[in-house]
Amino acid sequence: MLIFLRLLALTLCLIAPVPSANAQQVQPMAAQQASEVVATQKAVLDDLARQIDVVEKQIDNNADTDGKLLELRLELEEIQSRVLSSGVAFRPRLSEINARLEQLGTPPAEGQPPESELVSKERAALLAEKGDINVLIGNAEDLSIRVSGLIDKIATLRSDLFTRLLTDRYNLVDAFGSETLADGQREVQNVYRSIAAWLKFVFNFKFHAFLAAGFLALGFAALLLIGGRRLFGRFLEPDRDAEDPSYLTRLSVAFWSTLLPTLALAAFFAATAFLFNYFNVLRGDIGTFLRSLAQEVLMIFGVNRLARAALSPHLPNWRLVHVESKPARWLVAMATAMATVLGISVFLSEVNQQMGSPLSLTIARSFIATSFVAVLFILIGLIHPFRTQEGNWRPWPSWLRVFLFAVGGFTLAAALLGYIGLAMFVSIQVVVTGTLLVLAYIGFLSGRAISDEGGFAATIFGRRLAAGKKLDATTLDQIGLGVGIGINLLILAIFVPLVLLTWGFQIGDLRAWAHRFSTGVQIGSINISFTGILTGILVFVGGYLLTRWFQGWLDGSVMARGRIDTGVRNSIRTVVGYAGLAISGLIGISAAGLDLSNLALIAGGLSLGIGFGLQNVVSNFVSGLILLAERPFKAGDWVVTGAIQGTVKKISVRATEIETFQRQTVIVPNSELINAAVGNWTHRNKLGRIDIPIGVGYGSDPRKVHAILMELIKAHPLVLKNPEPAVAFTAFGASSLDFEVRAFLADITTLMRVQNDVRFAIVERFAEEGIEIPFPRTDVEVRGVVPVRFEREASDMISEKAAAADSRVESQEEVAGGSVLDNVDPLSSGAPAGKKTPPRSGN
């Protein structure tokens with residue numbers, strides 16, 4: 001025992017120092033990691049403060065340049081995001097410090113025993129570190145407030161720039177002086193020299209790269225042209241042979257024949273710019289010229305395509321606006337001329353800005369362009385595009401003429417008064433924004449026409465789906481509704497940014513809004529991310545489609561080859577479907593950024609609801625799961641529950657669908673099928689027995705009847721030989737000898753056919769053998785003299801009932817101890833009233 005105690009003491013001495021050493025090592029490591037976090041974030045905040053100082057100086061130096069201010073705003077938003085990230089980086093360490101301070105507790109008060117020196121030092125170190133972190137968090141908040149102030153300052157500067165653009169007035173006399181012409185000549189020479197210098201540089205140093213970029217750009221253009229023609233050829237040009245195209249067809253052709261070629265041209269320009277930049281062919285000023293030129297060419301092309309699609313000057317039956325052919329050609333030409341003049345003016349404005357041209361040249365160029373556009377607006381208002389039945393020309397509707405004259409007159413007046421910026425802005429917005437809005441409106445009309453009942457079925461895609469997939473009209477209408485919604489969303493996604501860009505917003509503005517939209521909107525402590533919600537919806541839809549595909553593959557490729565029973569396959573499909581739906585829902589919720597732990601409150605509310613109002617729903621749900629797992633019956637089984645008898649069509653988690661033999665669909669809650677008795681004729685197999693009762697007259701030979709019945713039942717091809725059929729002499733009835741034919745069928749669902757065949761055979765054979773099938777009848781004797789009128793009525797009634805009774809005896813399908821038919825004898829006198837005679841066989 002003493003040796004054991006000594007060994008124990010030695011073991012404790014060896015083990016005791018190990019935790020203390022580990023603790024002494026862990027604490028310095030944690031302190032070192034914490035100091036590294038503080039030092040790193042302090043360096044990050046200092047660097048961000050220096051960047052903010054640089055941006056603030058650039059704002060003051062570029063207060064008159066809208067594009068540069070926008071770039072600085074985007075840079076500030078990025079800095080602000082980094083500042084917030086730096087502040088968030090301290091949260092884990094602060095949580096650790098607070099938790100450790102709570103463990104250490106408060107320092108002992110005066111008069112209490114002192115605490116350990118190690119504890120005091122640790123508390124002091126933690127408090128000092130917490131103070132440093134709080135100081136850095138305060139610095140981060142100050143930087144965030146400073147960045148927000150600079151962003152507001154940029155917004156104010158940009159608003160002032162836009163206001164000055166519209167309200168500044170220029171002296172037209174100075175703009176059209178003799179120096180303006182000389183400035184224009186020098187401008188042309190400078191542009192020529194710049195382009196010549198660039199071409200010389202390209203041919204001397206970048207010739208192969210220029211050829212490669214040009215060749216790839218042309219190849220991409222050819223791909224767009226050929227592929228677009230093959231895929232969308234019927235939407236790009238109207239069918240000249242169509243005599244009376246529908247309104248939906250005209251709308252679709254007008255919309256897509258404008259949108260698709262314009263998008264293709266934009267893609268070609270974008271690819272060309274990318275390739276030239278990739279091969280370092282473009283110079284700064286030349287790249288700016290080419291980008292501006294591409295934008296204006298794109299605008300002119302889009303306006304021309306829309307005017308030709310809507311007015312169709314050469315194909316009157318394809319016009320959306322029913323004007324005459326000659327006015328249609330004039331309107332197309334004027335719309336294209338307005339777009340061309342404005343495009344040239346905007347392109348020259350970019351050239352003037354890059355070349356540092358005098359202000360007088362810019363004013364002269366803008367005055368000429370806006371005046372020309374204003375005159376065209378007035379001329380369009382003077383056109384008489386319609387012709388009456390008498391052959392007289394009719395002008396535009398009064399409201400449209402007033403609008404055209406007002407726009408043209410206002411633009412011309414603003415230009416003459418020297419408000420060139422305002423006139424230029426109005427001209428561009430009316431032409432470009434008007435074109436975009438008209439095209440978008442046509443697209444919305446097209447989407448609405450497709451969404452209407454029968455609209456999608458009238459399109460070529462609808463006809464192909466109906467022919468190829470054998471879809472009915474209802475399904476096509478549902479697809480058309482989805483297509484219409486998709487078209488509307490596509491129009492919003494394309495035209496809203498374009499309209500905003502034409503109204504002076506920059507691409508950077510759109511990027512900033514998109515960033516805010518994707519990161520979410522803060523409402524209290526809840527952050528709603530629209531991108532996250534959309535991602536969650538897409539993930540759920542993708543999971544649902546994947547589940548449906550997996551169900552089809554499992555059923556058609558795996559279980560079908562294994563020759564698994566249809567009911568088992570249906571149960572497995574149902575379970576897989578619900579499991580996939582639940583998993584897709586959980587993944588979609590997580591992808592949407594929702595914390596599943598927050599659903600605990602919802603689960604608590606649901607549990608309370610289950611305790612009160614959802615008992616039956618949950619009971620049916622659990623019962624459905626039990627039915628799917630135990631499978632007391634399956635789809636296709638013939639079941640009997642209460643007064644309901646039919647075939648099981650579908651088993652879901654809430655209810656089971658049973659179709660009766662009258663083709664009535666009955667929805668039975670699953671809890672009733674679990675709690676009540678359910679008969680299943682086809683539970684394990686379709687083997688079953690049929691019973692056919694039959695009665696014969698007392699004068700018949702029972703053994704002969706037995707032999708005939710055995711012969712008839714054995715002769716039927718659907719009756720099984722094993723188990724062998726049987727005929728039972730069941731009872732001596734009131735008016736018949738009762739027999740029962742019993743036979744087994746391989747498929748119990750054929751019992752009606754077998755019973756009918758056997759009954760017809762019995763009637764025919766008994767008629768040949770002279771065997772009677774009795775039925776009870778009652779003789780009624782009336783005492784006294786009956787008036788002739790009543791006697792005739794009673795005689796007619798008795799004759800009708802006797803005929804009906806004979807007919808029912810001949811066509812009866814099932815006789816159980818004889819059918820009860822009230823057959824009344826003719827009236828007879830001398831018999832006591834109400835006296836009944838015994839039943840007799842025969843008629």
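**Helices and a sheet**

A: H4 is followed by Gly-105, whose phi is positive, near 80°. This is a predicted model: local features need pLDDT of at least 70, side-chain atom pairs count only at pLDDT 80 or more, and totals for chains, interfaces and linings use all residues. Residues are numbered from 1 along each chain as its sequence is written.

Q: Which residues of H4 are buried?
A: Arg-93, Leu-94, Ile-97, Leu-101 and Leu-104. Buried means under 20% relative accessible area, exposed over 50%, partly exposed in between (1.4 Å probe, protein chains only).

Q: Where do they sit around the axis of H4?
A: Within an arc of 100°, so they line one face of the helix. The arc is taken from the directions from the helix axis to the C-beta atoms.

Q: And what does the face turned away carry?
A: The exposed residues Arg-91, Pro-92, Glu-102 and Gln-103.

Q: New topic. At what angle do H10 and H11 pack?
A: About 170°, with axes 9 Å apart. H10 covers residues 284–311 and H11 residues 325–355. They are therefore roughly antiparallel (an angle over 145 degrees).

Q: What residues make up that contact?
A: The contact of H10 with H11 has 17 nonpolar, seven polar and four charged residues.

Q: Now the sheet. What is the strand order?
A: S10-S12-S11, open, with antiparallel pairing. Two strands pair if DSSP finds at least two bridges between them.

Q: Which strands stand at the edges?
A: S10 (688–696) and S11 (726–732). Each has a single partner strand, so one side of each is left without a neighbour in the sheet.

Note on methods: Side-chain values use heavy atoms; hydrogens and water are left out. Helices (H or I, at least four residues) and strands (E, at least two) are DSSP runs, numbered from the N terminus. Axes are lines fitted to C-alpha atoms, for helices over the stretch in contact, and angles run from 0 to 180 degrees between N-to-C directions. Angles under 35 degrees count as roughly parallel, over 145 as roughly antiparallel, 65 to 115 as roughly perpendicular and the rest as oblique. Ala, Val, Leu, Ile, Met, Phe, Trp, Tyr, Cys and Pro count as nonpolar, Asp, Glu, Lys and Arg as charged, and the others, Gly among them, as polar.
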